[in-house]
Amino acid sequence: MQAWRVHRNGEPSEVMRLEETDRPVPGDGQVLVEVLAANINFPDALLCRGQYQVRPPLPFTPGVEVCGRTGDGRRVLATPALPHGGLAQYVVADEAALLDAPESLDDAEAAALHIGYQTGWFGLHRRARLRAGETLLVHAAAGGVGSAAVQLGKAAGATVIGVVGGPEKAKTATALGCDLVIDRHTEDIVAAVKEFTGGRGADVVYDPVGGDAYAKSVKCIAFEGRIVVVGFASGTIPTPGLNHALVKNYSVLGLHWGLYNTKDPQAVRDCHRELTRLAAEGGIKPLISERVAMGEAAAAVQRVADGTSTGRIVVLPSGAAR
């Protein structure tokens, strides 16, 4: 089969190679899955760079989530077992963790429904307890993770403020349904949030960026607000001032979605059932900005790494891009 493999760590466009290799062999409790669509995530770039919390042995194949087909014809969402990641024609995955792909979504959309939307749902509902009528601030609102949070926030009845970088991403965030879009390149985030909320600030902040985004968030968080720390796409891990959290009476909540797969797998299945319902009703729909052929995967991962993409880029291993 064909698979993209990384033999040394570095930038994705420099270290990813498309090679012919053997199909992975399922172990106990695993199943072989034919990949129909592989969604690219920022962790794929971190894996290439050797900066992810999981460091698979070299060589490995990136790709942390796919929509695929099992040998009995079941269409599923899967998180492949590294080092045999999803940017390949076949993967192995834990059979107990497979989720049925929603019928309302095509393969590319289904592949993008998994980690980003699960993270968004757990962050907003399980951790922050977002309520209808509250104001949600989403950083990187036009990206794959951010766009999911925007849609989930709107579906929950929240007023959503999206922070983006640049006019094209601002257009994307507006189309997603943001009630206010702030371009961090040209606007003062803190002033804009306070003006929009009548000085109250945001009740919930969803932050996959860290660094300066977090620093701005604590300056415009509301009384009893909740900041959900999802990741550090900026490359800078902030150091919270706990005295500031005490004085302003807000909470900082960490979210590592992957832990739920081992700590509370039923919660993951329940979340997927809710996401499937929302997708069927049209409340959410993954934003697919590009569908690319297998040979374009390395360049696509690099665009995600560079932060120039919007929504999700999805690789179609066996089909033509469209």
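Phenylalanine 122 is buried, with a relative accessible area of 0%, where buried means under 20% relative accessible area, exposed over 50% and partly exposed in between (1.4 Å probe, protein chains only). The model is predicted, so that local features need pLDDT of at least 70 and side-chain atom pairs count only at pLDDT 80 or more, while totals for chains, interfaces and linings use all residues. Residues are numbered from 1 along each chain as its sequence is written, and side-chain values use heavy atoms, with hydrogens and water left out.

Ring pairs link Trp121, Phe122 and Tyr260 into a cluster; rings of Phe, Tyr and Trp (its six-membered ring) pair if their centres lie within 6.5 Å, and planes under 30 degrees apart count as stacked, over 60 as edge-to-face and the rest as tilted.

| Ring pair | Centre to centre | Angle between planes | Class |
|---|---|---|---|
| Tryptophan 121 and phenylalanine 122 | 5.6 Å | 80 degrees | edge-to-face |
| Phenylalanine 122 and tyrosine 260 | 4.2 Å | 35 degrees | tilted |

The pair of phenylalanine 122 in helix H4 and tyrosine 260 in helix H10 (residues 260-263) links distant parts of the chain, 138 residues apart; helices are DSSP runs (H or I, at least four residues), numbered from the N terminus. Tyrosine 260 counts as buried at 13% relative accessibility, whereas tryptophan 121 is partly exposed, with a relative accessible area of 21%.

The axes of helix H4 (residues 115-127) and helix H5 (residues 144-155), as lines fitted to C-alpha atoms over the stretch in contact, with angles from 0 to 180 degrees between N-to-C directions, come within 9 Å and cross at roughly 50 degrees. The contact (heavy atoms within 4.5 Å) includes Trp121 of H4 and Leu152 of H5.

Notes
Helices (H or I, at least four residues) and strands (E, at least two) are DSSP runs, numbered from the N terminus.
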